[in-house]
Amino acid sequence: MIGISFYLVAASTIGLMGDSLFKDTIRQQMSSVSQLAVTLGEHIGRETADAFYQRLEQAARQSGGRLLVVDMDGKVIYDTFNERCGTLLSLGEVHSVLRGETDGDYGFHLQDGAGVEQASSLFDRFTGRDVSRIWVGCFTAPLEQKGEKQGVLLSLSSVQDTVDSLVFMRDRMLGVFALALVAVLAMAGVISRVVTRPVKELSAGIERMSKGDYEHRVHVPGRSEMAQLAAAFNQMSEQVHNLDEARNQFVSNASHELKTPLTTIKILVESMIYQEDMDPQLRSEFLTDIDREIDRLSSVVGDLLTLVHIDSHKLKLRREMMVFADTVRESVSRLTPLAQKRGQEIHMQIADSCEMFADPGKLAQVCYNIIENAIKYTPDGGRITVSLHRSGRDAVLEITDTGVGIPQEDLPHIFDRFYRVDKARSRDTGGTGLGLSIVKQIVRLHAGSVTVQSEKDRGTTFTVQLPVK
């Protein structure tokens with residue numbers, strides 16, 4: 001398309017310049033031959049043939065061309081080259097004037113150059129131009145004496161110089177066009193390579209990603225739109241990779257959590273089956289253990305279903321106007337007996353009722369899970385402080401314990417599903433490893449946040465912030 005555009009521009013430019021040059025030539029030559037015809041018309045028939053011929057030769061020398069005088073029959077009676085005298089001319093430019101169709105006419109013809117050739121061109125072999133002949137302009141005007149037409153004055157002049165100039169300009173422009181085309185094609189090739197390379201790399205990355213290779217990254221340097229697209233692809237690929245790893249880890253952990261109580265139940269049941277004379281007290285202990293493992297299994301399944309509903313956006317909040325302080329008091333009241341069994345003290349500090357538009361059941365689950373965790377991981381005789389106050393437009397719930405604390409390297413992962421700081425101790429206390437993950441998701445659904453601060457052997461503080469009305 002660029003090449004065609006250059007060619008059309010070049011051809012149009014040459015055509016316009018040729019028209020302009022030839023129009024100037026035609027105007028000058030027609031004016032000159034008309035004036036000369038008027039002058040010669042006054043002397044034709046009044047002077048001798050030799051005197052008129054000398055006058056005609058002098059005019060030809062001044063014009064630098066060839067002059068012929070044609071009578072009313074179309075026969076040449078004077079020729080400054082003395083070649084066509086007495087011959088009939090069949091030129092249309094002459095006969096149009098003789099017939100009175102026009103007061104002057106012109107035309108351009110190829111004639112034998114008599115040894116003079118046109119300027120050669122590099123494109124002659126492609127255009128088939130005959131350089132052995134030259135272009136001649138024919139310009140005619142009527143010869144009149146006292147208003148009566150006596151014949152036609154024909155002026156022949158070479159226009160080859162003008163044609164050679166146009167051919168030279170054409171060659172130059174076509175040469176420039178060829179160089180420009182080569183440069184444009186080279187630039188287009190480079191630009192195409194630069195543009196398509198990141199596209200190909202992105203396509204290859206997408207193909208590898210579609211085959212499960214989530215660790216592949218696309219490298220596109222710079223700050224262009226393609227580089228930004230590559231960065232977005234890499235970020236998406238990393239998220240998908242993390243999600244895939246999290247899914248695999250989740251399936252593995254879920255399988256392990258479900259398999260452990262099932263294995264325990266199977267062992268206990270088989271012991272009871274193969275020991276028909278089992279002591280009744282031992283049988284009762286086995287049944288109690290089976291019941292506890294079934295409860296644990298039910299708890300894991302329930303927590304898993306809750307997370308599945310949250311992840312699939314099927315969990316709907318049943319919002320209503322509620323007093324968050326009442327929810328906190330109720331959760332503390334439900335867990336106080338558990339704390340008293342271990343000689344622990346739960347101290348409440350309620351500074352504001354914190355009315356809000358939220359889901360009471362889900363927030364009760366948040367309070368219960370965090371306080372229950374504090375009780376489980378606080379040694380016997382420890383202290384748990386539950387405080388609620390308002391800060392600006394947020395309700396702030398803080399639950400602080402004097403428990404074992406959480407190591408710094410574990411803090412970023414405590415909200416991960418099935419993550420345990422001390423797996424053995426967590427199973428002894430009956431935890432599923434999903435409680436804090438559920439807490440975080442519920443708080444997020446309420447447009448709030450939950451954070452944790454802890455030091456090993458110095459206690460832990462969970463802070464929940466929720467927007468109020």
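Predicted model: local features only at pLDDT ≥ 70, side-chain atom pairs only at ≥ 80, totals over all residues.
Five strands, in the order β7-β9-β10-β12-β11, make up an open sheet with mixed pairing. A second open sheet has 5 strands in the order β2-β1-β5-β4-β3, and its pairing is antiparallel.

**The mixed sheet**

- At the edges of this sheet you will find β7 (345–350) and β11 (449–454), each of which pairs on one side only.
- Direction ignored, neighbouring strands here are turned by 15° against each other on average.
- Strand β7 runs parallel to strand β9 (residues 383–391), and 6 bridges join the two.
- Helix α11 lies across β11 and β12, and runs at about 25° to β12.

**Where the two helices meet**

- The axes of helix α9 (residues 360–376) and helix α11 (residues 435–445) come within 9 Å and cross at roughly 145°.
- The crossing of α9 and α11 is left-handed.
- On the α9 side, the contact is made by Lys362, Gln365, Val366, Asn369, Ile370 and Asn373.
- On the α11 side, Gly435, Leu436, Ile438, Val439, Ile442 and Val443 take part.

**The antiparallel sheet**

- The edge strands of this sheet are β2 (76–79) and β3, and each pairs on one side only.
- On average, neighbouring strands are turned by 25° against each other, direction ignored.
- Strand β1 (residues 66–70) and β2 run antiparallel and are joined by 3 bridges.
- Within that pairing, Leu68 stands opposite Asp79 in β2.
- Strand β3 (residues 105–112) pairs with β4 in the antiparallel sense over 8 bridges.
- You can find this pairing at Asp105, which stands opposite Thr140 in β4.
- Strand β4 also runs antiparallel to strand β5 (residues 148–158), with 10 bridges between them.
- For an example from that pairing, follow Leu143 to Gly151, its bridge partner in β5.
- β4 and β5 form a hairpin with 2 residues between them.
- Lys146 sits in the turn of this hairpin and has a positive phi of about 55°.

**What is buried, and what about the cysteines?**

- Strand β4 (residues 133–145) is largely enclosed by the rest of the structure, because 10 of its 13 residues are buried.
- Cys138 has a relative accessibility of 1%, so this residue counts as buried; the cut-off for buried is under 20%.
- Cys367 is buried as well, with a relative accessible area of 1%.
- How many disulfides does a search of the whole structure find? The search finds 0 disulfides.

Note on methods:
Residues numbered from 1 in each chain as written. Heavy atoms only, no water. Buried < 20%, exposed > 50% of the residue type's maximum accessible area, 1.4 Å probe, protein only. Helix = DSSP H or I, 4+ residues; strand = E, 2+ residues; numbered from the N terminus. Pairing = 2+ DSSP bridges. Axes fitted to C-alpha atoms, helices over the stretch in contact; angles between N-to-C directions. Left-handed = near helix turned anticlockwise from the far one by under 90°. Contact = heavy atoms within 4.5 Å. Disulfide = S-S within 2.5 Å.
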